[in-house]
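Here is a short briefing to read alongside the model. Please keep the viewer open as you go through the points.

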Amino acid sequence: MNSRSVLAGTFSLTPITSGPLGNTATGVSVADTLPAVFASVSGVTGGGSVTSGPPIVITWAVGALNAGTNQVLQFDATLNTPLANGTAVSNRATVRSDQTNPATTAPAALSVTSAPLFSTASAK
């Protein structure tokens, strides 16, 4: 069976600072190590950089975020195929700042919907 890639979609990460107004989180960074089923990424926003894999790692140096503000970080991803129908794919990122311990995001999950691939051959 041939291996192909299919568009999984656009993923968004939104680090949000909380705390007293006037406080600023400094040294904010986000790292996303993608599971092995991810074939490639593109369309990385927010100045993110991509390290080819496996595994593929996307990192963003966000810098400073004032309390109550956020930064939307996005990327488009493709998955390696074939994947069985119903395969669950989960992704998490880690957010760091100078003021807090690293925090892991809630998982972003998707379920693969796949259809059989058919090919034909002619007899001569």
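This is a predicted model: local features need pLDDT of at least 70, side-chain atom pairs count only at pLDDT 80 or more; totals for chains, interfaces and linings use all residues.

Residues are numbered from 1 along each chain as its sequence is written, and side-chain values use heavy atoms, with hydrogens and water left out.

**Confidence**
- The average pLDDT (the predictor's confidence in each residue, from 0 to 100) is 80 for the chain, and 80% of the residues score at least 70.
- Strand E4 (residues 49–51) has the highest confidence, at a mean of 94, and strand E1 (residues 4–13) the lowest, at 67.
- Strands here are DSSP runs of at least two residues, labelled E and numbered from the N terminus.

**The sheet**
- An open sheet is built from 5 strands in the order E4-E5-E2-E8-E9, with antiparallel pairing; two strands pair if DSSP finds at least two bridges between them.
- The edges are held by E4 and strand E9 (103–104), each with a single partner strand, so one side of each has no neighbour in the sheet.
- Strand E8 (residues 94–96) and E9 run antiparallel and are joined by 2 bridges; Thr 94 has Thr 104 in E9 as its bridge partner.

**The nonpolar core**
- A nonpolar core is a set of buried Ala, Val, Leu, Ile, Met, Phe, Trp, Tyr and Cys residues joined through side-chain atoms within 4.5 Å, where buried means under 20% relative accessible area (1.4 Å probe, protein chains only).
- The largest such core has 20 residues, and those touching the most other members are Val 30, Leu 34, Phe 38, Val 41, Trp 60, Val 62 and Phe 75.
- At least two residues of this core come from each of E1, strand E2 (24–33), strand E3 (38–42), E5 and E6.
- Leaving aside residues up to four places away in sequence, Val 41 touches Leu 34, Val 50, Ile 56, Ile 58, Phe 75, Asp 76 and Ala 77, contact meaning heavy atoms within 4.5 Å.

**Side-chain pairs**
- There is 1 aromatic pair: Trp 60 and Phe 75 are tilted, 6.4 Å centre to centre with 35° between the planes.
- Rings of Phe, Tyr and Trp (its six-membered ring) pair if their centres lie within 6.5 Å, and planes count as stacked under 30 degrees apart, edge-to-face over 60 and tilted otherwise.
- Trp 60 lies in strand E5 (residues 57–66) and Phe 75 in strand E6, so the pair ties together parts 15 residues apart in sequence.
- Both Trp 60 and Phe 75 are buried.
- Thr 78, in strand E6 (residues 73–81), is buried, with a relative accessible area of 17%.

Notes
Helices (H or I, at least four residues) and strands (E, at least two) are DSSP runs, numbered from the N terminus. Buried means under 20% relative accessible area, exposed over 50%, partly exposed in between (1.4 Å probe, protein chains only).
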